[in-house]
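Please keep the structure open while reading.

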Amino acid sequence: MKETSTKQENQRGLSLLLSIILIFSVFGAVVFSVSQKISKEMSASAIQNLSESLDLIQSTIEAILRSEAEFQELIAREVACADDPVAYIRAYEKNRTMAKLSLILAGETEGVSNAEERFTEEGLDFSAGGTISGMPVSQSYVNHMGTWAYTVKCPVERDGQEIGTLYAEYIYDAIDQSLPNDGFYDRQASLYIMDAQSQRFVLKPKGMGQRSAGHLNLTDFYRANNIQDPEIRAEVESCLQEGRDAMFYHNIREVHALNYMWAVNDGTIFLVGYVPVESIQQEGRTVNQNIMVVVASLLAAFFLCIALYYLNWRQQEKLRREQEEERQLHNRQLAQALRAAQIASESKTTFLSNMSHDIRTPMNAVLGFTTLLDRDAENPAKVREYTKKITASGQHLLSLINDVLDISKIESGKVVLNLEEFALEDVLSSVDAIIQPMAKAKGQQFHLEVTGVRHEYLVGDETRLNQILINLLSNAVKYTPEGGNIWFRVTALKQRSSQYEHIRIEVEDDGYGMTPEYLETIFDAFTRAENSTTNKVQGTGLGMAITKNIVELMGGTIEVFSQIDKGSLFRVDLELRVVETPKGGATGHAEAEPEEAADLTGMHFLAAEDNDINGEILSELLEIEGATCEIAVNGQLAVERFQASAPGEFDAILMDVQMPVMNGHEAARAIRALDREDARTIPIIAMTANAFAEDEKAALAAGMDAHVPKPLNMELLKKTIGQFSRGKESL
Amino acid sequence: MSGMKKWIAVCLAAALLALVSCGGHEDPKNLISQDEETKRVVNLFSPMEKSDPNAENVARTAADLTIAMAEERLGVTVDYWTYTAEDYQDKTYDDVALDRARNNMDDLYLLNPDTVLALGTEGLLMDLSGLDSTKNLREIIRVANTVDGKLVAIPQEVVAYGLFVNVDLFKQYGLDLPNTPEEFLGCCRVFQENGIETPIGANRWWLETFVLAIAYADLYNGGNTQAEIAALNSGEARYSDYMRPGFEFLQTLIDNGYIDAQKALVSEAIEGEGPDFLAGKTPIVMAYWGAANTETAYGKTDFEMQVIGFPTHRGRMPVMPMTGWAVGAQAEHAEDAMRVMEVITSDEALQLFSETNRVISPSKNVKVDCVPALRPLNDRIEEGVYVLGSNAGMNVEQWGNTCLIVRQLLGGATVDECMASFDALQNAALNK
């Protein structure tokens, strides 16, 4: 799919590129054709422009020549009228236009001149047949002034008869003065005047930069400007012969130039030279430059637009990709969440299945043994055996329920730590007292090591700390085969604050160990190393989750390292505030003394219990212990009954909490509030299925003295009552 | 997106700026400016060789640079007027220069020594001795250009003529470069025996240098120059006596076929003999100093070239005529022309000229290394051994007259006839 999409994108890109190339080709062709057209028009315009300039110069020179001829005719008439023409000529003053005036009378070969003694036609060549206003003009020559000149001759007629010929010599310098001062085309044009017959250059550009051109004659001009094309030269020759104008393109020293041979006075003289085309087409060049600027601007604008479009597109594409990535991320997260939900659901299903199994198993035992009990009621040995097993199953069921409730509470954030001073040593001793027998029962070696603990008294939730340790250690016992080792190490780490003891608790075993996969989920709720239906080790699978949650609630960390068949190591780091001056009563030593169970024989209790069965069980159990009990079915009745009792009638009040009419807390407060002496002293013991610490706290707050959770454990009850009876005795 | 907005804003601002800058300023009512300065012109007449489109003419460039300097400094425009003879039948540059100067056609002229003397004698040239730049002139320059007590011309270079020899050919035939006329004849004989029929390339202008070198080697280097010149001017001594050995030597060269007299008589300088010399067919030509520097002459050869003095019994002898710039006495723009002269003969201009053209400067303050080929000639000049090709102190003009009389020899006249021409010139001078 992705490959197909890429291919399509490539094809689209190629099409776009081809389209752009096509557009540019068309654009280029249009620009090219326009520029070609402009070039042609400019070329035609340049030729036209130059032609007009040359025509103008030609007209000027021809006008000078005509006026010279007219002037000469005028002089000829004056000479004709003069009494002594020779004297007239000799007396005629030279000037810069007419360098010499000479006269040869008819029938003579020698004449007179205003510049020299004698004058002959020798050295003057009229053979080319050129004329000015019908008067013969000679080939050009360098005259006595050292400058190029020409002579025009005209007849001198008197009374219709030719009496002689008047020769007037004109110098080209006079024409030069009539030409544009600065040349033309901003002195870029070179302009020679060439005598057609001799092909000598008789007038030359005078600027310094102009001196590179051939200046001697046409041959020199050809050589200097490298005009070697025979066709051009033949055409020029033909034009010279016929007195026609010629103009052609030829590069002069690598500059594109228009060269010209422009006939003046019917081709007796020619204007010769060249003009760089750029000089003629200055405005055209400007137009072309401007066109190029416009085209360049358009192209720049186009490319700018393309660039902007591209940038925009890239930005959009980036945005789209980001959105796509985000969407994919969300999808992944959703999938993960779904997966997690499915796993959770599966876990809970598994958990329920496990629970069902775990509850049904002891329940099966309870019910099964109850049936057997019924059958073997007459056999006391069997009855005792059955009741023992029923009790064990009940205990298991109870721990199961406790754990489930505990994790539920932890997860719903309702657990509150009960911080109070405690002695670490007491905790370790009590844990040791519990675990040592369990390990011993399984033939395991239990090693307890305490290293470097600086403070004995600490502040924390002793019960929860106990719970952590028992959980870890009981697990170690559970998952370590017989004959294995369990190490319980408590090490003080470096203090981060003098007010806190930083301790590390390690529980290590060389038992079954765990797989890496299981290690990843060991602290998740509702998981267990093995399915309870297949595992001989029974448990709720909540212990580790509870442990981790409590450690974190205490601000600590827990880690686990394990290798299958090698064993496991649980490491808990905790910081517990130290107690500088422990309270006297908080030594715990007194409490640590093994509590003695009271002998209930002869005691009489008031029990507030709304449940008939529970009431009956209580009565029966107390009766077994030799005590009696009076049941009130709610708090109100209990209060009233106590109020009505004689002082000392009841040894203690056993108070259920959840009851109709008046609950246990209210009842306890009411009793304590009674105006009689024993109202504040009679032990009130909460005996309730509300078995959590806060329940106990609430009970104590209500004025009760102790808390014994249901199901009723007679040993515990006896110990609790024993506490109060000893207290009473000591009083 | 904000970046794109910035771009668009910048583009719009640029477009607006362009529109504003294109916005019209009002045209004046009269579109032609009237405040043009009056153009000051100086007309300059100088020769110009025929053009070669691919060669650089250093000599002309050097002069142009100094003229450009003057134009820039003075705000004048120098207009060039030139003349070049198409062939030997044409009027010569000197003829035209004389005509133009006599008719007061130009302001500044570049003149050959004979023309300088002729026009100076006629009083047609301005006295330049008042220019500041003359203070730096070498004495020899001042003497050679002084006519009737007036300094009438100042050169931009000291022109020295010498023999340009193809050293490779001399080596090929085991020849040493000649010092004396006899050695020179010996070399020519060897070249001829080895198939070089005409060992000397010549034109109608410069063969006189052989004659002048032999004629005046003693006069200028014998320690009695002034007395000898005085004797000539007084008629006690005869120019023909000095000239005869040189002419006889030239006659020998012609008689032996070492020089093609007929060809030389119709050949223009360098144009006639240059191609064969450059092609290695002719081992010896004569030319002026600057020809060794410029590509239009012999500035770029495929063989080892050296420039040596002409053979005399006093050894190799450079011949130094003086060309120079002069100002017409009646020049239309005399004042500006004098200013231009001041600039182009200043030490700064002469330094520029000499550096560009690698020539000996007429200013004693300017010294430039010459190209290796010119060292033999330069060494002689530095030693003070040379012959002047022209001397305004002599009452018979030397450079132009000798040239013309050599042409007579080339045309078939005898040495005696040529000497008679000198005698006639001297007599005419004595009778003035």
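The text below covers chain A and then chain B.

This is a predicted model, in which local features need pLDDT of at least 70, side-chain atom pairs count only at pLDDT 80 or more, and totals for chains, interfaces and linings use all residues. Residues are numbered from 1 along each chain as its sequence is written, while chains are lettered from A and ligands numbered from 1 in the order in which they are written.

**A five-strand sheet in chain A**

Five strands of chain A make an open sheet in the order 10-9-13-12-11, with antiparallel pairing. Strands are DSSP runs of E with at least two residues, helices are runs of H or I with at least four, and both are numbered from the N terminus. Two strands pair if DSSP finds at least two bridges between them. Strand 10 (201–203) and strand 11 (246–249) of chain A are the edge strands, and each pairs on one side only. From one strand to the next, the twist averages 25°. Met194(A) has Phe201(A) in strand 10 of chain A as its bridge partner.

Helix 5 (residues 230–242) of chain A lies across strands 11, 12 (257–264) and 13 (269–276) of chain A, at about 165° to strand 11. Angles run from 0 to 180 degrees between N-to-C directions, with axes fitted to C-alpha atoms, for helices over the stretch in contact. Contact means that C-beta atoms, placed from the backbone, lie within 7 Å.

**Strand 20 of chain A and its partners**

Strand 20 covers residues 567–578 of chain A. Its antiparallel pairings are tabulated here.

| Partner strand (chain A) | Bridges to strand 20 (chain A) |
|---|---|
| Strand 16 (residues 457–460) | two bridges |
| Strand 18 (residues 500–509) | 10 bridges |
| Strand 19 (residues 557–563) | seven bridges |

Leu458(A) stands opposite Val578(A). Val507(A) has Phe570(A) as bridge partner. Glu559(A) faces Arg571(A) across the pairing. Strands 19 and 20 of chain A form a hairpin with three residues between them. In that turn, Asp565(A) has a positive phi of about 65°.

**A four-strand sheet in chain B**

Chain B holds an open sheet of four strands in the order 2-1-3-13, with mixed pairing. Strand 2 (77–83) and strand 13 (324–327) of chain B stand at the edges with a single partner strand each, so one side of each lacks a neighbour in the sheet. The twist averages 25° from one strand to the next. Strand 3 (residues 108–111) of chain B runs antiparallel to strand 13 of chain B, joined by four bridges. Leu111(B) stands opposite Gly324(B) there.

Conventions. Two residues are in contact if their C-beta atoms, placed from the backbone, lie within 7 Å.
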